[in-house]
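Have the sequence and the structure open as you read.

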Amino acid sequence: MKLEVLFDQLHTLPTIPKVAQDLILQFDNPTTSLDSVARSIERDPVIAAKVLRLANSARFRGARDSTSVEDAALRLGFNTLRTLVLASSMTDAFHAPAHFDLRAFWLHSFEVAGVCRLLAKQKGLDAETAFTCGMMHNIGELLIQTGAPDYAAQLHPDASSSGRAAEETVQLGFGYPEVGAELARRWHLPEVIQTAIAFQARPLQAPEDQPMPRVVAQAALVADALERHGGATPEARQAVSGPLLDDVDLDALFDALPAVIEADRAFTEMLR
């Protein structure tokens, strides 16, 4: 199968609402204010409702209810708001077949994104851009599940991130990194996201001025270890090794992981 055939088989291409696309660009703009983000959110009633719901949840609830998007945005803060908008857009865009565990998929996406954020902070890179790249790193997998469900059902469900990409390439002629990068291109997402998705399975081949593919590849390795060993355990820490992670302070990373994992699980529940 050729990549173009996969996209041709889709009756409708998954779409991110125009408001959400604008918001992703706003979040990547260092001059963006929380007020301007709130005004953009108000243009999409679905996203606005989720923002209000999260602001009034037990995790963020204050002395009084948030009754406006502007107030909710102030309560949640820029980073949480960004996460919610991105995650909401992604989860609403895709409808996977019944055999596919969509909740587990998004939980893994959140874990990779959270690890990306921690790694970026270690390296002095933009942590929120790294989070976005991590959150979207495997959207190609959803497109394969949607556009080629018969093939997808025959693939090994328990493979690691790199193993699944390799198996898809052998079986289909392409893997989820190539599919995701093409989808990001068609969505007109920033080039840094397209590159991170495209080169995540071969980060050493990425352009020298693009560090995000390496960050995503590292985060995926860590997330795979977390899933295999039941969280940020000593066994998971021991399982994470190799030249790709030579520039990472793994002790510091694993010290910070439990809080990130708990927050990501809570967030996944909120999106259901």
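## The nonpolar core

A nonpolar core is a set of buried Ala, Val, Leu, Ile, Met, Phe, Trp, Tyr and Cys residues joined through side-chain atoms within 4.5 Å. Please keep in mind that this is a predicted model. Its largest nonpolar core has 86 residues, and those with the most contacts inside the core are I41, M135, M136, W187, L253 and L257. Helix α7, covering residues 102-123, supplies the largest share of this core, with 10 residues. In soluble globular proteins, nonpolar side chains tend to be buried together.

Leaving aside neighbours within four places in sequence, W187 is in contact with P14, T15, I16, Q21, M90, F94, M136 and I139.

## The cysteines

How many disulfides does the structure hold? The count is zero. For C116, the closest cysteine sulfur is that of C133, and at 7.2 Å it is too far for a bond, since a disulfide needs the two sulfur atoms within 2.5 Å. C133, likewise, is in no disulfide.

## Where α4 meets α5

Helix α4 (residues 45-55) and helix α5 (residues 69-76) have axes that come within 9 Å and cross at roughly 50 degrees, so the two helices are oblique to each other. Their crossing is left-handed.

On the α4 side, the meeting residues are A48, V51, L52, L54 and A55, while α5 brings V69, A72, R75 and L76.

Terms used
Residues are numbered from 1 along each chain as its sequence is written. This is a predicted model: local features need pLDDT of at least 70, side-chain atom pairs count only at pLDDT 80 or more; totals for chains, interfaces and linings use all residues. Side-chain values use heavy atoms; hydrogens and water are left out. Buried means under 20% relative accessible area, exposed over 50%, partly exposed in between (1.4 Å probe, protein chains only). Helices (H or I, at least four residues) and strands (E, at least two) are DSSP runs, numbered from the N terminus. Contact means heavy atoms within 4.5 Å. Axes are lines fitted to C-alpha atoms, for helices over the stretch in contact, and angles run from 0 to 180 degrees between N-to-C directions. Angles under 35 degrees count as roughly parallel, over 145 as roughly antiparallel, 65 to 115 as roughly perpendicular and the rest as oblique. A crossing is left-handed if the near helix is turned anticlockwise from the far one by less than a right angle, and right-handed if clockwise.
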